[in-house]
Amino acid sequence: MKIKNQYFFLTIPAATLTLLQPNTSEGQVLRRLEQKVIQKVDRKVDQTIDKGLDKLEKTVSGDNKPDKKTDGQPGQPHPVATEPIQETASSVSAEPAQPAGTANTELFKRYEKFDFIPGEHIIAFDDYSQDPIGQPPMKWNFEGTAEVTSLISTEQKWVALAGEYNIFYPDFIKVLPENFTLEFDAAVNADYSGYGIAMYFLNREPETYRSSNPFLKNDYLHPKGYLQLELRPISSNNGSTGDFSYNFRYEGMEAHTRNDNVPAFSRDINRKVRISICRQNQRLILYVDHTKVWDLPRAFASGLNYNTFMLETKSNKPFYIGGLRLAEGRPDMRAQFIKDGTFSTSGIHFDLNSANVKPESFGILKEIATVLQSSHDAKIAIIGHTDSDGDEDYNQKLSLARAISVKKMLEEQFGINPENFQVEGKGSSAPVADNNTSEGKAGNRRVEFKKII
């Protein structure tokens, strides 16, 4: 847990010193003052750590009494978080793991047909944790305006993109493999007006991008071809749902289609949606929340080296993007479990700074349940892991709370015998990636399943 340095300045009037006993030297007075200051700082630090650990104990014990929010603002982080909020135990929520996932049962039912499985190897990740609120996202290149912000309805960080036909590059995405998954959240304000946001998958020639203006429009920027996805919230067409359009251009070939039955997320900032995109060679599968919008077998051009993801805004009202996770490859957990007796995944997503399992984890949990059901009542250890940010004890308890949540979800949602499981939290003690990068930290926040011999 990171504790900001605290400084205390004491001013002792000269008249006060004259009241001291004659045999009290100046050195003795200064030493006593120094000891008092140190004691006061130590008490402050101990109180802050104790409060944080007490909050996390609720997650493990199942005490479901929410804490009061600070400053009267809903969704504000607990006061122990003195640094920008990150997905670590250093600012874990007092909210419990929603014991056995029961509070999410109805929500999870909507995801029964959701079969999206996040890629296994994270190759690009940004949750803006390195960026202060009110500042531009440092890993992006853009025209128009882009600002890291927070929304009342959620504690996670967002980037607000705005501008009439302005272009934004998340430059930390360097490659788009033939098999990848891309995930992010999207939201707009109640007063949003405009034509949504366009997403491009394209090939940028290095000489074109680096020696010329990277914000020139389509024909010059990607002359070989591109795939464009355009998401419009309901306020764009005054309907009851949003719509998603698909446009493809490659070597003179063109294709266009539209789905106008996309779940609505406009006019209510609390109605964020999750965008999940999967590429399997030429195939494109796209979900908005639990709804499969497209499954197109020839969406990506054969032979075109897609290497760039680009966003284009079409309104001066902000369009909010919540994080980006790009990963490669579909995990073969069954083969790994048969071979090694263990597998792990960073594809189970949790609410920020808590052990609540997000509903978009349904696909990967269903896959895990299938693997475990074929193990014929073998004893399985579910082990939670975190990155290295924050206090070690705090991280260990967070990782244990998340392991407990996963166990309960597998029991209640998929009927796995709970007697087959034991749970464990290892915190940050067993990293599998570099904790000095965003991608490495995201990979270290994982859940491991291990057969007990």
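Arg-274 and Glu-183 form a salt bridge, with their closest N and O atoms 3.2 Å apart. The pair links distant parts of the chain: Arg-274 lies in strand 10 (residues 273–280) and Glu-183 in strand 5 (residues 179–188), 91 residues apart. A salt bridge here is a side-chain nitrogen of Lys or Arg within 4 Å of a carboxyl oxygen of Asp or Glu.

This is a predicted model, in which local features need pLDDT of at least 70 and side-chain atom pairs count only at pLDDT 80 or more, while totals for chains, interfaces and linings use all residues. Residues are numbered from 1 along each chain as its sequence is written, and side-chain values use heavy atoms, leaving out hydrogens and water.

**Overall make-up**

- The protein chain has 10 helices and 17 strands. Helices (H or I, at least four residues) and strands (E, at least two) are DSSP runs, numbered from the N terminus.
- Of the 453 residues in the protein chain, 51% are buried. Buried means under 20% relative accessible area, exposed means over 50%, and partly exposed is in between (1.4 Å probe, protein chains only).
- Take the contacts in the protein chain between residues at least 6 apart in sequence: 74% of them join residues at least 24 apart. Contact means heavy atoms within 4.5 Å.

**Salt bridges**

- The structure holds 17 salt bridges. Side chains of opposite charge can pair when their charged atoms come close.
- Both partners of the opening pair are buried. Arg-274 counts as buried because its relative accessibility is 9%. Glu-183 counts as buried at 2%.
- A network of salt bridges links Glu-183, Asp-185, Lys-272, Arg-274, Arg-325 and Glu-360.
- Asp-295 and Arg-283 meet through their side chains in a salt bridge (2.7 Å, N to O). This pair also links distant parts of the chain: Asp-295 is in strand 12 (residues 291–296) and Arg-283 in strand 11 (residues 283–288), 12 residues apart.
- Asp-295 counts as partly exposed, at 34% relative accessibility. Arg-283 is partly exposed too, at 30%.
- The side chains of Glu-230 and Arg-232 form another salt bridge (3.0 Å, N to O). Both Glu-230 and Arg-232 are buried.

**Aromatic rings**

- The structure holds 19 aromatic pairs. Rings of Phe, Tyr and Trp (its six-membered ring) pair if their centres lie within 6.5 Å; planes under 30 degrees apart count as stacked, over 60 as edge-to-face and the rest as tilted.
- Phe-343 and Phe-449 have ring centres 5.1 Å apart and planes at 20°, so the pair is stacked. The two sit in distant parts of the chain, 106 residues apart: Phe-343 in strand 14 (residues 342–345) and Phe-449 in strand 17 (residues 447–451).
- Phe-343 is buried, at 1% relative accessibility. Phe-449 is buried as well, at 0%.
- Ring pairs join Phe-180, Phe-201, Phe-300, Tyr-306 and Phe-309 into a cluster.
- The charged end of Arg-279 sits over the ring of Phe-300, 4.6 Å from its centre. A charge sits over a ring if NZ of Lys or CZ of Arg is within 6 Å of the ring centre and within 35 degrees of the ring normal.
- Lys-451 places its charged end over the ring of Phe-337, 5.0 Å from the centre.

**Two threonines**

- Thr-313 is part of strand 13 (residues 308–328). Thr-313 counts as buried, at 1% relative accessibility.
- A polar atom of the Thr-313 side chain lies 2.8 Å from the backbone oxygen of Gly-163.
- Not counting residues up to four places away in sequence, Thr-313 touches Leu-161, Ala-162, Gly-163, Glu-164, Tyr-165, Asn-166, Phe-168, Gly-196 and Ile-197.
- Thr-154 is in strand 4 (residues 154–170). Thr-154 counts as buried, at 15% relative accessibility.
- Thr-154 and Lys-272 are 118 residues apart along the chain, and their C-alpha atoms are separated by 9.5 Å.

**Helix 8**

- Helix 8 (residues 362–373) has 12 residues, which should span 16 Å at 1.5 Å a residue; its end C-alpha atoms are 16 Å apart, which agrees. The expected span is 1.5 Å times one less than the number of residues.
- Buried residues in helix 8 include Phe-362, Gly-363, Ile-364, Leu-365, Ile-368, Ala-369, Val-371 and Leu-372.

Technical notes. Polar contact = N/O pair within 3.5 Å; in protein donor to acceptor, adjacent residues only side chain to side chain.
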